[in-house]
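Work through the exercises below with the model open beside you. Try each task before you read its solution.

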Amino acid sequence: QKIIKNQKTNLFTDNLSLISTGRVPIADGFTSKVSVFRDLESLTEHYAIEIGILNLSKPILTRLHSACFTGDILKSKKCDCGEQLAETINRIKFEKSGVILYLNQEGRGIGLANKMRAYKLQDVGLDTFEANQRLGFNDDERDLSIGSKILKKLGINQIKLLTNNPSKVEAFQESGIEVVKRVPILSKETKENKSYLKTKKEKSGHLF
């Protein structure tokens with residue numbers, strides 16, 4: 001019998017399958033291992049990036065990061081995503097090991113095309129949540145349980161979570177991953193992202 005995903009009760013089907021794994025040398029003498037997981041229903045692929053040698057007997061420094069083409073690739077000043085990703089890599093290198101769960105859930109799960117539509121609405125005064133709602137979406141369409149599924153496949157049960165988002169902490173804990181510590185990951189406030197950061201704080205409870 002198929003179980004429909006429900007984050008509140010932690011009931012979900014694990015449709016993720018490990019497709020491939022490879023090692024990637026990165027800056028500062030570190031080696032990363034990238035594992036590609038595919039959702040067998042949607043065919044969406046998500047990535048686990050292990051940096052350094054993980055000691056599974058201790059909590060693993062972890063970042064659950066949703067893909068952001070504009071922030072991660074273009075270094076957009078409209079959001080803090082690219083800055084957070086870069087800071088995550090620096091933090092992991094400092095601790096010598098950690099993992100980044102890079103989920104293909106662009107624009108809080110609405111996709112890049114709709115994200116660009118939302119950006120147009122933001123240009124005329126709507127905030128990021130209002131724009132998504134105007135397009136017929138919820139504030140956040142992401143499935144955060146994917147992160148827990150990947151961690152369990154990697155044999156990770158305890159983490160130190162790099163996040164300002166209490167919903168991510170809750171999602172991991174409800175699915176059996178122990179968050180022993182929340183590690184803040186702060187970004188610089190600029191005139192371009194001031195409204196965005198204010199909205200995240202006031203409407204989704206981000207801790208800054």
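**Exercises on a predicted model**

Lys78 lies over the face of Tyr119, 4.9 Å from the ring centre. A charge counts as over a ring if NZ of Lys or CZ of Arg is within 6 Å of the ring centre and within 35 degrees of the ring normal.

Some ground rules come next. This is a predicted model with residues numbered from 1 along each chain as its sequence is written. Local features need pLDDT of at least 70, side-chain atom pairs count only at pLDDT 80 or more, totals for chains, interfaces and linings use all residues, and side-chain values use heavy atoms, with hydrogens and water left out.

**Exercise 1. Which ring has the charged end of Arg108 over it?**

Solution. Go to Arg108. Its charged end sits over the ring of Phe129, 4.6 Å from the centre.

**Exercise 2. What is the mean pLDDT of the protein chain, and where does pLDDT stay under 50?**

Solution. Start with the term: pLDDT is the predictor's confidence in each residue, from 0 to 100. The mean for the protein chain is 88. Of its residues, 89% reach 70 or more. Now look at residues 1–11, where pLDDT stays under 50. The model has 22 contacts for them beyond four places in sequence. A contact means heavy atoms within 4.5 Å.

**Exercise 3. How many aromatic pairs does a search of the whole structure find? Describe what you find.**

Solution. Step one: the search finds one aromatic pair. Rings of Phe, Tyr and Trp (its six-membered ring) pair if their centres lie within 6.5 Å; planes under 30 degrees apart count as stacked, over 60 as edge-to-face and the rest as tilted. Step two: the rings of Tyr47 and Tyr102 have centres 6.3 Å apart and planes at 15°, so they are stacked. Tyr47 is in strand S3 (residues 45–51) and Tyr102 in strand S5 (residues 98–103), 55 residues apart. Helices (H or I, at least four residues) and strands (E, at least two) are DSSP runs, numbered from the N terminus. Step four: check accessibility. Buried means under 20% relative accessible area, exposed over 50%, partly exposed in between (1.4 Å probe, protein chains only). Tyr47 is partly exposed at 26%, whereas Tyr102 is buried at 16%.

**Exercise 4. How many salt bridges does the structure hold? Examine three of them.**

Solution. The structure holds eight. A salt bridge is a side-chain nitrogen of Lys or Arg within 4 Å of a carboxyl oxygen of Asp or Glu.

- Lys33 and Glu50 meet at 3.7 Å, N to O. Lys33 is in strand S2 (residues 31–39) and Glu50 in strand S3, 17 residues apart. Lys33 is partly exposed at 25%; Glu50 is buried at 12%.
- Glu95 and Lys160 meet at 2.9 Å, N to O. Glu95 is in helix H2 (residues 81–95) and Lys160 in strand S6 (residues 158–162), 65 residues apart. Glu95 is partly exposed at 40%.
- Glu106 and Lys115 meet at 2.7 Å, N to O. Both are buried.
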